Amino acid sequence: MNEMIGQKILLKQIYSQIDEGIFPRFSIFVGQFGDEKNKFAYQIADYMRNTGESVMYASASDCKVDTIRNIIEESYKCTIQTVYAINDVDDMSLQAKNSLLKITEEPPNKAYFVMTINDLNNTLPTIRSRASIYYLDRYSYTELGDYISLKYPSNIDALDTLFGFCETPGDIDIIFEYGVSEFYSFICKVVDNISAVSGSNALKISGNIQIKDSDPDKYDLRLFWKAFCSECFRRHYLKAIKLTSQYLSALHTKSINKGMLFDMWLFDIRKEWKDGCC
Amino acid sequence: MDVVEIKNHIQTKSLNSFYILTGVEWQVQKIYINMIAQASGKELKYIDSISDVYSKLGSKSFINKTYVYVMRDDKELVQNEKLQSRLESIIGQNILILLLTSPDKRTKFYKTYKDVICDFEPLKPAVLAKYIDKEISLSNENTDKLMQICEYDYGRCLLEIDKIKQYRLGYGEKEIFDNDAFMMLLKEGTIYQPPKDAIFDFIDAVLDRKVNLAYKLYHECLGVGEAVMVMLTVLYNNAKALLQVQSCKSADIGKSTGLTSFQIFGAKKHLNTYKDGELVYIMRLCQRCQQGIVTGAMDEDNVMEYILCQIL
């Protein structure tokens, strides 16, 4: 499914650059987790094809240094216009990033490189300075609603719940995987009981949260906190929202220990609740 | 070629002109080199490279003295194929011994001289015990202990044995026996004991508030190259488990906390050494330090000492 939800203004901008022949050889698309930035490269190749050009599309299988080097070598040999997609480069190694520098200095005539990233700070300043950077727009409720009605037509009544904390189509997909009502009832249970239970019992909540990537059956921490904030907003617990937002922004720190961060949030939120500030 | 063959050459005095010795038992290699020199009746000379003596090897003279030349990791000899092809002709009556620290088995040199290379593998414990017995009279138990401490390295055993001998000399040889000298030096720490994997003992010492032991084991952990992040995480997890067990009012601790019986058993050993508030402080400190390290705000090298100062 390569059709994109939303991003109309950005796509319009890119199409007009392609028409004028000024679309850059090396571009970076910056977005959030779960948005559709990885589809841009395909859209660009598709549009170029529709203008009558012979265009190929190629996507890097991973961000390892050998893959990047192979792509670079291939790009210098290509005889027709090719759009190369290098997706989700947040965790790309320093070696791989350095090997990309060559292509940014002297891009081959027949290649376009489209890189996608969640946080621009996760790439080298030298790469950033040589690329054209595009920021994805936020999804409107209408666009998210369209996505749900397209992909999950039998769950339209979940819209109100989801709009509180889902910002991207990826977030929606994850919540539907958990089960919307199961996830929401877990959030309500936490909000109702977080200060009522004993300390040792409260620390047990982290057993339901995805601390490592190898815990697939648990709830994503970022979505948990966003949903928690949404429910607290509904109940007017404003200090809890402020505290949780601080921890949400700490999640952006690369290599931060999520388990420790969650426990600290737990201590702080229980303290706020007990002080009667929520 | 194996060690037994070299021994035969020495005993029969029919020595080759070129030997290549590899392996970790440098002391045993040294013994054999000395024996080769003795058997051949030539003087032993240690050189850096064959180029140092190349001109002497090739020259003809009435008074030319022959030597046993020993060199280690001579790149020129290993890489120069022309030199290798002329080696037999230029060595003459001399004996050349090349010591290779880490031979590359893929190279042409290794394949060419495969039959000449002798690998001095680590000595088996029974053989090492016999070598130790020749040097010093220790009981079987102490011999085993010495071998263990020296990680079955003959060279290190000889160094520690030398300490024992010197100690006895200083004390008066008739006043003290080898076994007693060994035990005394072990107790004083004069005999070097390599650091062991001590991370869990270290964390136990911290949670028991045993300050001296904690610092001693911390240095042992550093000695084995334990990562600071690992120490931090283990301390955090153990403090968290202890907090959960200590603050749990329920009879079924496992059900209430979600901890395994092993974790509960481990936590129960340290109950009430720290108050609940102090354990929360330890956890906050560990989290702050972990975040500080990944953001670059804190230097990883100093973090553990900072934490120990704060909590012990």
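How many aromatic pairs are there over all chains? The count comes to 31. Rings of Phe, Tyr and Trp (its six-membered ring) pair if their centres lie within 6.5 Å; planes under 30 degrees apart are stacked, over 60 edge-to-face, and the rest tilted.

Select Tyr84(A) and Phe113(A). Their ring centres are 5.2 Å apart and their planes meet at 15 degrees, so this pair is stacked. Tyr84(A) belongs to strand β3 (residues 81-86) of chain A, Phe113(A) to strand β4 (residues 111-117) of chain A, and 29 residues separate them. Helices (H or I, at least four residues) and strands (E, at least two) are DSSP runs, numbered from the N terminus. Tyr84(A) is buried at 3% relative accessibility; Phe113(A) is buried at 1%. Buried means under 20% relative accessible area, exposed over 50%, partly exposed in between (1.4 Å probe, protein chains only).

This is a predicted model: local features need pLDDT of at least 70, side-chain atom pairs count only at pLDDT 80 or more, and totals for chains, interfaces and linings use all residues. Residues are numbered from 1 along each chain as its sequence is written, chains are lettered from A and ligands numbered from 1 in the order written, and side-chain values use heavy atoms, leaving out hydrogens and water.

Next, Phe183(A) and Tyr219(A). With centres 5.1 Å apart and planes at 65 degrees, the pair is edge-to-face. Phe183(A) is buried at 1%, Tyr219(A) at 15%.

Move to chain B. The charged end of Lys45(B) sits over the ring of Tyr67(B), 4.5 Å from its centre (NZ of Lys or CZ of Arg within 6 Å of the ring centre and within 35 degrees of the ring normal). Finish at Arg72(B), over the face of Trp26(B), 4.5 Å from the ring centre.
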